[in-house]
Amino acid sequence: MSKITPEALKHLAKLARLELTEAELAMYATQLEIILDSVDKIREVAAGDVKPMSHAVGLTNVFREDVIRPSLDRAEVLSQAPATEANRFRVPRILNED
Amino acid sequence: MKILEAMEKFDPIIGLETHVELSTNSKMFCGCSTEFGAEPNTQVCPTCLGLPGSLPVPNKTAIESTFRIGLALNCQITEFSRFSRKNYFYPDMPKDFQTSQYDEPFCVNGYLDVLVPTDEGDKTFRVEIERVHLEEDTGKLTHSGGVTGRIHGADYSLVDYNRAGIALVEIVTKPVLGTGKYAGIVARAYVTELRDLLRSLAVSDVRMEEGSLRCDVNLSLHPKGASEWGKRTETKNVNSLRSVEKAVNSEIERQADVLTEGGKVTQETRHFHEDSGTSSSGRSKEEAEDYRYFPEPDLVPVIATSAWVNELKTDLPQAPSVERKRLAQEWGFSDEEMRDVVSMGATDLIAQTVAAGATAQAARKWWLGELARKATEAEKDLSSLGIEPKHISELEQLVVEGKLTDKLARQVLDGLINKEGTPSEIVQKRNLVVMSDDSSLLPAIRAAIEANPEVVAKVKTGKLQALGPILGAVMKETQGKADAGKVRSLVLKELAVEG
């Protein structure tokens with residue numbers, strides 16, 4: 001049985017920029033533990049001769065040639081942004097300090 | 001504390017992380033152009049903007065360039081590797097993660113030897129390479145409001161994603177020990193050698209001033225003889241060869257001061273300031289970075305088959321050190337002359353000047369003489385002066401033809417630095433024409449003779465070496481435009497002395 005501590009979950013939520021209430025923290029901690037336990041079951045089954053898998057497909061070496069293809073129209077791109085200035089995306093203050 | 005004093009008490013350990021933008025035509029995972037200097041946000045598409053539903057496909061040339069860099073750095077090529085997501089929230093990446101490599105980089109365990117002049121003669125230092133991996137570059141932020149465009153105190157920021165997604169190779173050294181007071185010189189020599197190597201591989205423009213080659217310097221100090229290493233800092237933003245040396249030395253001096261005063265070095269990121277040659281504290285690293293790397297699900301693993309790697313290996317150019325030996329011989333430079341050329345980062349500049357028609361000695365004279373002085377004055381690298389080698393060849397030709405004196409040639413160099421055109425155009429614009437006809441020179445010559453009767457007396461007794469003050473006065477009067485040989489013969493003629 002894996003154990004997700006409230007501290008670990010708070011840290012994860014912070015990294016993911018999620019604001020969670022205490023009730024949500026408790027709920028997700030329980031859910032995450034169930035997920036981790038399920039993953040642990042796979043570990044029980046997998047023998048040493050099975051390599052860890054990161055992809056569902058068995059493909060390797062899928063590449064493209066180094067060829068330029070058209071980019072998007074800038075006006076269209078910037079029209080999707082909440083704010084723009086001088087043909088750039090405008091984003092809120094990054095550092096919260098003076 | 002000055003560096004030599006600091007090195008009596010402490011030993012430095014340096015580490016260098018170098019980022020190299022590859023010169024592929026298209027970006028790493030999409031077909032957008034990588035051309036430098038385009039209008040903001042004109043080289044973007046759903047993939048590099050991280051729009052929903054877009055899928056990345058790796059650029060084969062970029063992967064091969066990374067393998068070639070690894071091979072040239074004597075690395076092992078990893079047989080099975082994957083891309084990973086490096087998760088972080090920062091507006092320079094619209095996807096909120098950077099596609100990078102984590103525990104399976106393309107190349108590991110290499111080295112690069114660098115030659116450094118020491119008190120005991122030239123010495124080779126082996127800089128070991130930890131890893132070479134492939135990732136994508138980030139967008140470019142411009143900070144608005146606040147002071148001087150810094151992120152601190154900015155009200156908001158503007159983002160141009162043209163650079164986001166350009167193939168970026170990171171080359172990380174292992175900790176380099178035993179450099180002592182040569183730490184800065186070794187660091188600079190390493191980056192210089194790496195730049196020459198990357199250029200010979202033709203994988204990158206390696207222009208530090210345009211950011212296609214960027215360097216972070218890690219440094220720690222520990223008391224001499226101590227087995228435990230000190231806390232290290234990482235200085236970012238080191239964007240010229242000379243700054244690499246400066247950043248190491250100034251950080252050694254700073255840490256030595258902190259330690260000597262009984263303080264502790266904080267493990268942190270520092271930002272280097274090109275203008276002052278010093279660094280300032282950035283974000284603290286106490287809160288360990290937590291990027292939650294995981295294998296990139298949208299990109300399948302890369303298998304470096306031995307056939308593929310061998311094919312790339314046979315295609316590698318000669319190592320710069322071998323190529324330099326050949327050039328030194330071809331150019332007739334001594335080992336010492338060649339070493340200075342290399343450490344000034346002038347090998348390619350001289351090669352291009354020679355290719356444009358100048359002799360090797362003339363090319364060396366200009367680049368390591370007057371131009372090196374100009375670069376030092378401007379606190380820039382030679383290659384950042386923005387002077388085209390073919391113009392130096394043209395300038396030399398004008399001097400050889402007698403159309404320019406050395407003094408006038410130096411004024412042409414100023415014109416070249418100010419981007420006033422080709423040497424011939426600058427000669428026209430600045431009216432830098434050599435005066436060699438009698439009628440324009442004689443008034444100045446007669447005035448100089450009149451003003452220096454004692455010199456005239458000496459010369460008339462046959463002491464031709466005493467002519468100096470008269471020649472100098474004529475040169476001054478003509479603002480250096482007079483043809484020195486012609487002046488000499490005219491002066492002798494006026495004095496009726498046999499030359």
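## Interface between chains A and B

A:R74 and B:E39 form a salt bridge in which the closest N and O atoms lie 3.6 Å apart. The structure is a predicted model. Between chain B and chain A, the count of salt bridges is two.

The contact between the chains draws 55 residues from chain B and 37 residues from chain A. About 3900 Å² of area is buried between chain B and chain A, and carbon and sulfur atoms give 58% of that area.

## Salt bridges in the whole structure

Over all chains, a search of the whole structure finds 39 salt bridges. One of these joins B:E104 to B:R82, with the closest N and O atoms 2.8 Å apart. This pair links distant parts of the chain, its two residues being 22 residues apart. B:E104 belongs to the loop between β5 (97-100) and β6 (107-118) of chain B, while B:R82 belongs to the loop between β3 (80-81) and β4 (84-87) of chain B.

## Helices α6 and α8 of chain B

In chain B, the axes of helix α6 (residues 320-331) and helix α8 (residues 347-355) come within 12 Å of each other and cross at roughly 45°. Because of this angle, α6(B) is oblique to α8(B). The crossing of α6(B) and α8(B) is left-handed.

On the α6(B) side, the contact is made by B:R324, B:L327 and B:W331. On the α8(B) side, B:T347, B:I350, B:A351 and B:V354 take part. By residue class, the contact of α6(B) with α8(B) comprises five nonpolar residues, one polar residue and one charged residue.

## Helices α9 and α10 of chain B

The axes of helix α9 (residues 360-377) and helix α10 (residues 389-400), both of chain B, come within 10 Å and cross at roughly 105°. An angle of 65 to 115 degrees counts as roughly perpendicular, and α9(B) is therefore roughly perpendicular to α10(B).

The residues of the contact of α9(B) with α10(B) divide into eight nonpolar and two charged, with no polar residue.

Note on methods: Residues are numbered from 1 along each chain as its sequence is written. Chains are lettered from A and ligands numbered from 1 in the order in which they are written. This is a predicted model: local features need pLDDT of at least 70, side-chain atom pairs count only at pLDDT 80 or more; totals for chains, interfaces and linings use all residues. Side-chain values use heavy atoms; hydrogens and water are left out. Axes are lines fitted to C-alpha atoms, for helices over the stretch in contact, and angles run from 0 to 180 degrees between N-to-C directions. Helices (H or I, at least four residues) and strands (E, at least two) are DSSP runs, numbered from the N terminus. Angles under 35 degrees count as roughly parallel, over 145 as roughly antiparallel, 65 to 115 as roughly perpendicular and the rest as oblique. A crossing is left-handed if the near helix is turned anticlockwise from the far one by less than a right angle, and right-handed if clockwise. Contact means heavy atoms within 4.5 Å. Ala, Val, Leu, Ile, Met, Phe, Trp, Tyr, Cys and Pro count as nonpolar, Asp, Glu, Lys and Arg as charged, and the others, Gly among them, as polar. Buried area is the accessible area (1.4 Å probe) that two parts lose on being put together, summed over both. A salt bridge is a side-chain nitrogen of Lys or Arg within 4 Å of a carboxyl oxygen of Asp or Glu.
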